[in-house]
Amino acid sequence: MPRTAVVTGASKGIGRAIAEELAAKGYRLVLVARSDDLLRGIVDDLTARFGAEVHAQAADLTNPDRIDDVIDAATSATGRLDLLVNCAGATKSGDFFALTREDFHEGFALKFHAAVDLTRAAWPALVASGKGHVVNIIGFRARTPSADYTIGGPTNSALANFTKAMAERGVRDGVRVNAVHPGPIETDRIRGIIDEYAARTETTVENARSAVLGTFAVPRFGRPGEIAAAVLFLDSDGASYINGAILDIDGGATKGL
């Protein structure tokens, strides 16, 4: 029987790449993002390209009342839930003193609290699956603090700790919990940073791209599909003994242990 997955943050970037990878491999999907219009377009695209069973669930995950709606959509549509991919939650970056208290609260609400609440809501169905699995898409700043990333870094660290804690609980309940730390991946966010740098320094986009890449000390930006391939592997039978792992996919940007 095909596995059923919920993927949050599925309307663009890494989340969309994960949705495409799973659809191509025959998963049944419930895709979650704030924009219903974007989700509907992706549903149509994946259905046409892969013949996949894909459902859209537009939801603001900072609203706790919508958490149960997301999990109910998956179990109602497919009768089961095997995989939860928590990928929602881009946090604001920049100078600490330019960030507000509300910025911090919103960042934790979407990336950390939403993942915690979804895991709680999905857990009974994941236990019933017999091969339930949670994959949290976090970020390399969990291990490498940055003065310009004072919201995302602590949020990522908290979610990494939560991953390890729930992996221990999962041993008892038969649910694996793993995570991926993407490094600098070429998404709209990175492209926005490059464009901002080009405008601020009055240089070309290509020069700005090289300068931004140089700050990470890696040979190239990663691709969203590389994160998606890792999620597929972690959910495979070949990875069934992997639990509580946090996989760095960052081109070597993380230098610490």
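Trainee: What volume does the largest cavity have?
Mentor: About 50 Å³. Keep in mind that this is a predicted model.

Trainee: Which helix gives the most to the lining of the largest cavity?
Mentor: That's H4, residues 101-129, with five residues. The lining includes Leu110, Lys111, Ala114, Ala115 and Leu118. Thr8, Leu61 and Asn86 are also among the lining residues.

Trainee: How does that lining split by class?
Mentor: Nine residues are nonpolar, two are polar and one is charged.

Trainee: Switching topic to H2. How many residues does it have, and how far does it reach?
Mentor: H2 runs over residues 36-50, so to speak a stretch of 15 residues. From first C-alpha to last, H2 reaches 21 Å, close to the 21 Å expected at 1.5 Å a residue.

Trainee: Which residues of H2 are buried?
Mentor: Leu39, Ile42, Val43 and Leu46. They sit on the same side of H2, because they cover an arc of only 105° around the axis.

Trainee: Why would residues three or four places apart point the same way?
Mentor: An α-helix has 3.6 residues a turn, so residues with that spacing point the same way.

Trainee: What do the buried residues of H2 pack against?
Mentor: Helix H1 (13-24), plus strands S2 (28-33) and S3 (54-58).

Trainee: And what's exposed on the other side of H2?
Mentor: Asp37, Asp44 and Ala48.

Trainee: Last one: what follows H2?
Mentor: Glycine 51, and its phi is positive, near 65°.

How values were computed
Residues are numbered from 1 along each chain as its sequence is written. This is a predicted model: local features need pLDDT of at least 70, side-chain atom pairs count only at pLDDT 80 or more; totals for chains, interfaces and linings use all residues. Side-chain values use heavy atoms; hydrogens and water are left out. Helices (H or I, at least four residues) and strands (E, at least two) are DSSP runs, numbered from the N terminus. The expected span of a helix is 1.5 Å times one less than its number of residues. Buried means under 20% relative accessible area, exposed over 50%, partly exposed in between (1.4 Å probe, protein chains only). The arc is that of the directions from the helix axis to the C-beta atoms. Contact means heavy atoms within 4.5 Å. On a 1 Å grid over the protein atoms alone, a cavity is a set of points where a 1.4 Å probe fits but cannot get out, and a pocket is an open set with protein on both sides within 12 Å along at least five of seven lines; lining residues have an atom within 4 Å of a point. Grid points are joined across faces, edges and corners, and a volume is the space filled by probe spheres set on the points. Ala, Val, Leu, Ile, Met, Phe, Trp, Tyr, Cys and Pro count as nonpolar, Asp, Glu, Lys and Arg as charged, and the others, Gly among them, as polar.
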